[in-house]
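Visitor: I would like a close look at a single part of this protein. Please take me through one of its pockets.

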Amino acid sequence: MNGVRRWWPLLLLALIPPLAFPGAIPGPRVVSADDHLSVHVAFQDAPGGRVRHPALSDPALQFKALHRRVATDLRAGRVPLWNPDIYGGTDLLADGQSQVAAPATVLRVVFDPATAQDAAVVFVLVWTGLGAALLGAALGLGPWAAAVAGAAAMTGPVPFVWLLHPHAATFAWLPWLLLAVERRSGVGTALAVAGLLCGGHPGTATHALGIAAAWWLVRARSPEGVMGLAIGAALSAPVLAPLWEAVQGSVTV
């Protein structure tokens with residue numbers, strides 16, 4: 001009980017999402033990038049449309065449709081293998097950004113789209129912050145310092161700039177992976193690697209695995225890390241194998 005009381009500052013991390021998005025978390029509004037549609041001619045009902053960062057329009061133009069297709073298939077009891085909505089049909093499970101096995105997908109299956117969107121935002125931010133805070137504690141930080149570390153991770157450029165992209169959902173697993181490597185936990189490493197690889201952005205996952213490998217070399221060099229990496233990759237194989245097959249047919253590659 002004393003340990004719980006000592007670490008109560010970590011509960012303050014739960015205040016960051018509602019402070020960042022008042023009226024949406026909680027409230028009737030939704031954290032969304034749909035305003036980006038106003039700058040794309042195909043979606044305009046009038047000339048104009050202004051947003052601060054037009055380049056960040058993928059959540060509205062791409063990811064929203066992918067996520068709804070995945071959720072529709074899962075609710076119907078189908079494996080989301082194929083997307084008939086674009087290109088006359090294309091891979092869905094093998095799409096590296098469809099997030100078929102990401103935790104946010106569970107929220108999209110269970111809740112309505114608006115509720116699921118805001119719940120996914122809360123999950124990504126809090127999961128990132130809590131992982132960073134616990135990592136800080138494992139490195140010797142006290143409760144308040146660990147809470148500050150978690151808050152810094154939650155409000156940094158990657159989570160906020162890429163919040164509605166799969167980049168942030170993938171990045172959220174990095175502090176948990178570093179924590180597992182630091183503690184030499186094979187189970188924790190396996191779960192964190194699986195979460196990372198199923199997060200929905202292979203590029204971010206590659207960067208995070210590189211950081212974790214450097215951490216392992218400098219601070220751990222334990223067999224649990226290698227074992228956890230192998231098991232985590234195996235757990236994510238149902239997502240990675242179709243993606244790898246699709247990559248082999250890439251014109252760019």
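How do the residues of the lining of the second largest pocket divide into nonpolar, polar and charged?

Guide: Keep in mind that this is a predicted model. Now to the pocket. Its lining divides into 18 nonpolar, six polar and six charged residues. The second largest pocket has a volume of about 470 Å³. There are 30 residues that line this pocket. Closest to its centre are Lys 64, His 67, Arg 108, Pro 113 and Gln 117. Next, look at the elements around the pocket. Those that give two or more residues to the lining are helix H3 (58-75), helix H4 (103-110), helix H5 (113-138) and helix H8 (166-171). H3 gives the most, with nine residues.

How is such a space found? Rolling a probe the size of a water molecule over the atoms shows where empty space is left.

Now set this pocket beside the largest one. The largest pocket has a volume of about 560 Å³. It is lined by 22 residues, and the closest to its centre are Phe 21, Ser 32, His 36, Phe 160 and Leu 164. The lining of the largest pocket has 15 nonpolar, four polar and three charged residues.

One helix is worth a stop too. Helix H6 covers residues 143-154. At 1.5 Å a residue, its 12 residues should span 16 Å, and its end C-alpha atoms are 16 Å apart, so the two agree. The buried residues of H6 are Pro 143, Ala 146, Ala 147, Gly 150, Ala 153 and Met 154. Seen down the axis of H6, these buried residues fall within an arc of 120°, so they line one face of the helix. An α-helix has 3.6 residues a turn, so residues three or four places apart point the same way.

Definitions and conventions
Residues numbered from 1 in each chain as written. Predicted model: local features only at pLDDT ≥ 70, side-chain atom pairs only at ≥ 80, totals over all residues. Heavy atoms only, no water. 1 Å grid on protein atoms, 1.4 Å probe; cavity = no way out; pocket = protein on both sides within 12 Å on 5 of 7 lines; lining within 4 Å. Points joined across faces, edges and corners; volume = space filled by probe spheres on them. Nonpolar A, V, L, I, M, F, W, Y, C, P; charged D, E, K, R; others polar. Helix = DSSP H or I, 4+ residues; strand = E, 2+ residues; numbered from the N terminus. Expected span 1.5 Å × (residues − 1). Buried < 20%, exposed > 50% of the residue type's maximum accessible area, 1.4 Å probe, protein only. Arc of directions from axis to C-beta.
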